[in-house]
Amino acid sequence: MKHLKIAFLCTVILLASCTKDGEKSDAYGNFEATEINVSAQAQGEIMQLQLEEGIILEANAILGWIDTTDLSLKKQQLQAQKLAVAARITNFEAQIAVYGQQRKNADRDLDRIEKMLQEGAATQKQMDDMSGQIEVIDKQIKAVKSQETSVYREIDAIKKQIDQIDEAIKKSIIINPVKGTVLTKYMNAHEIAAPGKAIYKIADLDQMKLKVYVSGDQLPNIKIGQKVEVLIDKNARENTSLSGEVSWISESAEFTPKIIQTKEERVNLVYAVKILVNNDGTLKIGMPGEVNF
């Protein structure tokens, strides 16, 4: 009988201990990060790519470049075409200078004929003929200037094509857009890149987000900016406590995701909440976590 009492007391103590250590957290979820697929912006062979999975890249770091031989040749062709077109402007300017001199001479002749007409030494026909010659010269000058304007427009069009090629060459340089850790490398040097085809995946792991789901009853006690306790597994029985901050709360309810274990919980409406946690290197994408509000 004495042994039975002792066994009973041990069982009670053990159950009490399990209840205390087994207290459930307020919510559960998994850590996530904003993952970015960095894609090629140009078509061609990747000539150089300094990239490995797991390395940390700074924003705007140059990682390599895509072959630009065809673009460079096209640019040289357009530059030669631009010089050839620009040479025509010199001819137009020379023609305008000739016509300008003819106009000055015609103006002087017109003045003389006008004076002679007043003195009766010239006829009205001579006056009209000279005025007609001046009108012809003016039209010639106008025509040449119109051709010159057309050439300038042609040069501007060529310049725009060169600018487009320069932009394409610029996009052939593989530049890392944001600071982060390389998660996955999809391509290697000497493979063919294409616009929109991912080269690698990167994410900023300095801060992770624990996405959890809470019930409507819990929601009134949760606010943006609220400091919370985040727990991650240390071993089979212990947890590591971290500090977190509520960064986002869903505006609408949704059914509990299927990752929740029991069917009773899966059919309930819940709200998604994201907790921002500074990562000391222990947190990984997909790692489970708990939170106490």
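**View 1. Val230 and Val291 are bridge partners, the latter in strand E15.** The model shown here and in the other views is predicted. Val230 itself belongs to strand E11. Strand E11 covers residues 227-233 and is joined to E15 by three bridges, the two strands running antiparallel. Strands of a sheet pair through backbone hydrogen bonds, and the pairing can be parallel or antiparallel.

**View 2. The surroundings of Val230.** Is Val230 buried or exposed? Its relative accessibility is 0%, and buried means under 20%, so Val230 counts as buried. Setting aside neighbours within four places in sequence, the residues in contact with Val230 include Phe31, Leu210, Ile275 and Val277.

View 3. Which residue in E15 is the bridge partner of Asn30? The partner is Pro288.

**View 4. An open sheet of four strands.** The order of the strands is E2-E9-E7-E4, and the pairing is antiparallel. Strand E2 (35-39) and strand E4 (56-57) are the edge strands, since each of them pairs on one side only. Two bridges hold the antiparallel pairing of E4 with strand E7 (residues 180-185). Opposite Ile56 stands Thr181, a residue of E7.

**View 5. Helix H2, residues 69-119, from end to end.** The helix has 51 residues, and at 1.5 Å a residue it should span 75 Å. Just after H2 comes Gly120, which takes a positive phi of about 85°.

**View 6. The buried residues of helix H2 and their packing against helix H3.** Which residues of H2 are buried? They are Leu78, Val85, Ile89, Phe92, Ile96, Tyr99, Ala106, Leu110 and Ile113. These buried residues pack against helix H3, which covers 124-171. An α-helix has 3.6 residues a turn, so residues three or four places apart point the same way. Ile89, Phe92 and Ile96 are among the buried residues of H2 that can be followed along the helix in this view.

Conventions. Residues are numbered from 1 along each chain as its sequence is written. This is a predicted model: local features need pLDDT of at least 70, side-chain atom pairs count only at pLDDT 80 or more; totals for chains, interfaces and linings use all residues. Side-chain values use heavy atoms; hydrogens and water are left out. The expected span of a helix is 1.5 Å times one less than its number of residues. Buried means under 20% relative accessible area, exposed over 50%, partly exposed in between (1.4 Å probe, protein chains only). Contact means heavy atoms within 4.5 Å. Two strands pair if DSSP finds at least two bridges between them.
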